[in-house]
Amino acid sequence: MQDSPVDDTISRDPTLRLLRRLVVGLTATMIAGLIIVVAVIVIRFPSSGGDLVLPKDIHLPAGEQASAVTQGQGWVAIVTVSGKILVFDGRTGKLRHSYALGK
């Protein structure tokens, strides 16, 4: 096979050789960056919900209505409309603590 005139020009011109190397390097960097971003997303966002499980029965005191719910390891906290924070045991659902929010 014979070299094409374009390949011959590129092999002789140092500026075009540098440009070719820069384009190849940029392409390799972009591919590596994309692989890293996908790996970080997969590692940071696991598919399972973890070990945190809500208890089957949580009963709010009479007249209370939930406004917000959060949970940690071994506990569930419910903020009520009336301004109380109720902390329940994460396994049994029994009330551990009750805190009144100041207004």
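Visitor: Where is proline 61 found?

Guide: Proline 61 is found in the loop between α2 and β1, where helices (H or I, at least four residues) and strands (E, at least two) are DSSP runs numbered from the N terminus. This is a predicted model, in which local features need pLDDT of at least 70 and side-chain atom pairs count only at pLDDT 80 or more, while totals for chains, interfaces and linings use all residues. Residues are numbered from 1 along each chain as its sequence is written, and side-chain values use heavy atoms, with hydrogens and water left out.

Visitor: Why is proline 61 called partly exposed?

Guide: Buried means under 20% relative accessible area, exposed means over 50%, and partly exposed lies in between (1.4 Å probe, protein chains only). Proline 61 has 34% relative accessibility, and therefore counts as partly exposed.

Visitor: What makes glutamate 64 count as buried?

Guide: Glutamate 64, which is also found in the loop between α2 and β1, has a relative accessibility of 18%, and so it counts as buried. Leaving aside neighbours within four places in sequence, glutamate 64 is in contact with Thr80, Ser82 and Lys84, contact meaning heavy atoms within 4.5 Å.

Visitor: What makes the meeting of lysine 84 and glutamate 64 a salt bridge?

Guide: A salt bridge is a side-chain nitrogen of Lys or Arg within 4 Å of a carboxyl oxygen of Asp or Glu. The side chains of lysine 84 and glutamate 64 meet at 3.5 Å, N to O, and form such a bridge. This pair links distant parts of the chain, with lysine 84 in strand β3 and glutamate 64 in the loop between α2 and β1, 20 residues apart. Lysine 84 is partly exposed because its relative accessible area is 35%.

Visitor: How many salt bridges are found in the whole structure?

Guide: A search of the whole structure finds 2 salt bridges. Arginine 96 forms one with aspartate 89, and the closest N and O atoms there are 2.9 Å apart. Arginine 96 is partly exposed because its relative accessible area is 42%, whereas aspartate 89, at 18%, counts as buried.

Visitor: How do you know that strands β1 and β2 pair, and in which sense do they run?

Guide: Two strands pair if DSSP finds at least two bridges between them. Strand β1 (residues 66-72) is joined to strand β2 (residues 75-80) by 6 bridges, and the two run antiparallel. Glycine 72 has tryptophan 75 in β2 as its bridge partner, and in this hairpin, with 2 residues between the strands, glycine 74 takes a positive phi near 90 degrees.

Visitor: Over how many bridges do β3 and β4 pair?

Guide: Strand β3 (residues 84-89) and strand β4 (residues 95-100) pair over 5 bridges in the antiparallel sense, with phenylalanine 88 opposite leucine 95 in β4. Their hairpin has 5 residues between the strands, and glycine 93 in the turn has a positive phi of about 85 degrees.

Visitor: Why does leucine 19 count as partly exposed?

Guide: Leucine 19, placed in helix α2 (residues 14-44), counts as partly exposed because its relative accessibility is 48%.

Visitor: How does the protein read along the sequence?

Guide: The protein has 2 helices and 4 strands, which follow the pattern α-α-β-β-β-β along the sequence. Of its 103 residues, 15% count as buried.
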